[in-house]
Structures are given as C-alpha cells and as structure tokens.
Amino acid sequence: MKRIYLLLTMVVAALSATAQNPSTYFMDGTPLRSRWNPAFTTERGYVNIPGIGAIQVGTEGNLALSDILYPTPSGSLTTLFSGSVPASLVLEDLNPMNTIGMGVHMNLIGFGAYTQKRHHFWSAELNLRADLDSRFPYELFDFMKNGNSANIANLGLSLESYAEAAFSYTFPIVDELYLGVRAKVLFGLARGAMNFEQFDARLGEDSWSAHAVGNMEFSGLMPATKTLQDGRVVYDMAELANNFKAPAGYGFGFDVGAEWTLLDDHLRLSASVNDIGMMCWTKSASSIGRVDHQILFTGVETDENGNAVHPEFNLDELEFDVQESRGITKALRASINVGGEYNFLDRRIGLGLFYQAKFREYNTLHNVTFSANFRPLDWLHITGSYSLVNNSSQAVGLALNLCPRFISFFVGTDILLSKKNPQWIPIHQSNMNLTFGLSVPIGK
C-alpha cells in the first residue's frame, strides 16, 4: 500500500542518513577538496580506493530531525505521522512551508596526477549522484494530524539520480593564479517529480475528498497504465517500480574555478561556479501525467471518541491521466563558492571564511562558514568550523585528514558536537553533512 504518509515518511527518514561539508573547503591534502573548486589540487597524485574514495551525504532544509522523528515509550523511534505522536507536539515546530533536501555524491573510481614539470594537474572520476528536494505546506500536516479541511498549495517532491564521468585540468595563468576546469558527461538513471498547484482536502464522517490539480513526471521509472470505467487512461502508481529503463537521459556539465595566492602565500582567495549544465531525459523513457478533478477517498482513521482523523490513501488513487510523452530538459543544481584564508606560521595555522549559494529545486540556500585550520604536521590536518545557513546558526563542524606517504584518510562531520537526544538525533539542527574518503598517494 503506497499511502501518502508512507511516501512522506520515506522522504524524511532519509534525513537520518546524514552534500558537502563546509569544513573540507580549506582542508589541504585531500582529493575531496577539489569538488569545491577544480583549481584546488592535492600535494601529490592519488588513486582513490574504489567505492570508498570519496563519499559525501548531506541534508538541507528548515526542519530539524527532532521535528520529524519522535521517541516512543519503548525507546524506539517513530515519525511525526504516527498516531501516537500528539498533533500539538508536531505542529508547534513546523513552518508555513517546510523544505527538505538531500544530496549523495559517491566516487566509484578516481585518480589524479601532476604533469612532468608539476605546473599542471589533471584528474578523472566516475561518480554516482542523487538529489532529493521536497516542500510540504503546514496545511498538509494539519490536515493529516487533525483532519482539518485545508487548501494545500505548492506541494512538491523531486528526485533525480545520474552517473557522472568527469575530467579536470588545473594550470597556472601566472605564478600566483591558478585556473581549474572540470568537464562532465552525465548518464541519467532515474527522475521523478510530483507538483500540486492545488489540493483542497475536505474530511467527512467516513470518507474524505480532494480537488487535486497537479503534474507528474517520471523518467527511467516507467509506471504501467490502466483504463477506468469512464474510459480514462491513467497511470497505475502501484506498479511504479516494476519497470526500470536506463540510461534514461544524457547531459553535460562543467565546473570552473580559480585560486589566487597573495602576500607571500599568507592570503589565498578562491572562487568557483559548479554544475553548470543540463540533463536531457529522453522521450522514450519518460512518463507524464496530469490530475485535475475531484477525488473521493474512503480511508479514514478515528480517535477514541469516534472522530475522524488521520486520512490516508494510496498514490494510485490520485489517477494521473496519461499525457503525451516528451523529452524533459532540466538544469543542474548549480552552486557558487567563494572563500578566503589567511595563514600564519608557515601555513601551520589558517583562518578561513567561506560563502556558498546553492540553487536547489524549490529554493536557494546561502551558507557562511568560519573555520580555523591547523596543520601541525605535514601529514596531519585538522579543521574546525561554524556555519550559518540562511542567516540561522546551524552547526559546528570538525574534519580530520591523515595523509602520510602511503595513505590519505579523511573524515568530516558537523553533528559531532551538536546537542542530541538519547537516540543520537541532533536537536535543532536541520542542515547536516558527513564526508569520508580513502585514497593512496602516488608520485612525488
């Protein structure tokens, strides 16, 4: 049964998995750093350990995990959609529009090396990437928890995943200024999107109805169709995952960045624009649907007094009418990164300031991070950071890089020092990142 609250639970549950940790921006010696800016290079060449060379997972939005997952008397966790969680407890911490995003970037194969004179650096990678964006109006939760009639608008969910083959090249313009370019060829795996302009829900004694107006787009995932009694042909959402077609699209992208060294290497300024490009999802692998009619549902739970609450329904009951298939072109989720670091004691200590604007599906996130960077030994780098996301204090981050001659190990997170409940869920923190990498240095 693909109930709507099960779908929402799957989205918010992804947050427990904790895109790119800002603590890594000034972390020398790790191949992961070049993802911020293709002008950044490592001190030596490298070969990533396949599958675990570079993994980044992150969440973004305006909901904290403690607003989504709640402890039960038995010590386990349940979601805000559970009937055991009081509506008053859930609704008091929600926003008028609640956004949740998640990004995963995993390197499968990666290696890089300097040219013979060590003025130029090149690298090649094969990555898997996935991005999820969603937005849920307050009225949706009020309706599902209290059964209050609601005019729900701008409800949306978007997910896309693709493989990325990338080649980077870094070279000097002058001695103090380096330019980096990364070209990427993309292969679409799957994409799904549901957006509702209108969802007017009304609750009755033993049923509820809604006037739904919205669109559905799927690529790679090919839902079956069925014919209703009135002759309409609609998508059978219950069979959504039974027919998979890949590659479902092709695309391209590029990153461009620069790093400028000033004041005898005491000051380093850098800037980049990443993920400029687009993905074209093919017509043959895409399904498009439209809903614009009144729908009647019979699934209603009641409380101990017999009052109707917790409406539920299957996704296939939305009955998206089959539309003519077409190719779908989407811009990549681009980002702008700007940073500056001032160094002391032969770069053993550095103070950094970093700014990022990330263009997500439904909103743009602005992140400012202050960092203190320590390099007590050539093979030991430690970074501490504090981030402000959309003018709200968010997280303290820590990162560690061990890079002796035979191995390079990196790990970073921004939830280590945050306040947590007994289930180790960060409280009041809605933006979280976890980064891990393992590679073998090569060359001089």
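Biologist: What percentage of the 444 residues of the protein counts as buried?

Modeller: Of the 444 residues, 52% count as buried, a term that means under 20% relative accessible area, with exposed set at over 50% and partly exposed in between (1.4 Å probe, protein chains only). This is a predicted model, in which local features need pLDDT of at least 70, side-chain atom pairs count only at pLDDT 80 or more, and totals for chains, interfaces and linings use all residues. Residues are numbered from 1 along each chain as its sequence is written, and side-chain values use heavy atoms, with hydrogens and water left out.

Biologist: How many helices and strands are there in the protein, and what makes a run of residues count as a helix or a strand?

Modeller: There are three helices and 26 strands. Each is a DSSP run numbered from the N terminus, a helix being H or I over at least four residues and a strand being E over at least two.

Biologist: Why is Ser287 called buried?

Modeller: The relative accessible area of Ser287 is 5%, and the limit is under 20%, so Ser287 is classed as buried. Ser287 is found in strand S15, residues 286-297. Leaving aside residues up to four places away in sequence, Ser287 touches Met216, Glu217, Phe218, Leu221, Met222, Pro223 and Tyr235, a contact being heavy atoms within 4.5 Å.

Biologist: What makes a set of residues a nonpolar core, and which residues have the most contacts inside the largest one?

Modeller: Such a core consists of buried Ala, Val, Leu, Ile, Met, Phe, Trp, Tyr and Cys residues joined through side-chain atoms within 4.5 Å. The largest has 36 residues, and Phe196, Phe199 and Phe320 have the most contacts inside it. Among the elements giving two or more residues to this core are helix H2 (87-91), helix H3 (138-146), strand S9 (177-203), strand S10 (208-219) and S15. S10 provides the largest share, five residues. A second, separate core of nine residues includes Leu186, Met279, Ile328 and Leu332.

Biologist: How do you know that Asp275 and Lys184 form a salt bridge?

Modeller: The rule asks for a side-chain nitrogen of Lys or Arg within 4 Å of a carboxyl oxygen of Asp or Glu. For Asp275 and Lys184 the closest N and O atoms are 2.4 Å apart, so the pair qualifies. The two residues are 91 residues apart and link distant parts of the chain, Asp275 in strand S14 (residues 267-281) and Lys184 in strand S9. Asp275 counts as buried at 9% relative accessibility, and Lys184 is buried at 4%. Lys184 also forms a salt bridge with Glu164, with the closest N and O atoms 3.7 Å apart.

Biologist: Why is Asp321 called buried, and why is Arg232 called partly exposed?

Modeller: Asp321 has a relative accessible area of 17%, so it is buried. Arg232, at 25%, counts as partly exposed. Asp321 and Arg232 form a salt bridge, with the closest N and O atoms 2.7 Å apart. Asp321 lies in strand S18 (residues 321-322) and Arg232 in the loop between strand S11 (224-227) and strand S12 (233-236), so the pair ties together parts 89 residues apart in sequence.

Biologist: Which residues make the nonpolar surface patch, and why is Val47 called partly exposed?

Modeller: The patch is made by Val47, Ile109, Phe111, Leu126, Val440 and Ile442 and covers about 420 Å². Patch residues have over 30% relative accessible area and no salt bridge; like charges are joined within 9 Å, and nonpolar side chains (Val, Leu, Ile, Met, Phe, Trp, Tyr) within 5 Å. Accessible areas come from the Shrake-Rupley method with a 1.4 Å probe, and for residues only the protein chains shown count as cover. Val47, in strand S1 (residues 45-48), has a relative accessible area of 36%, so it is partly exposed. Strand S5 (97-114) and strand S26 (432-442) each supply at least two residues of the patch.
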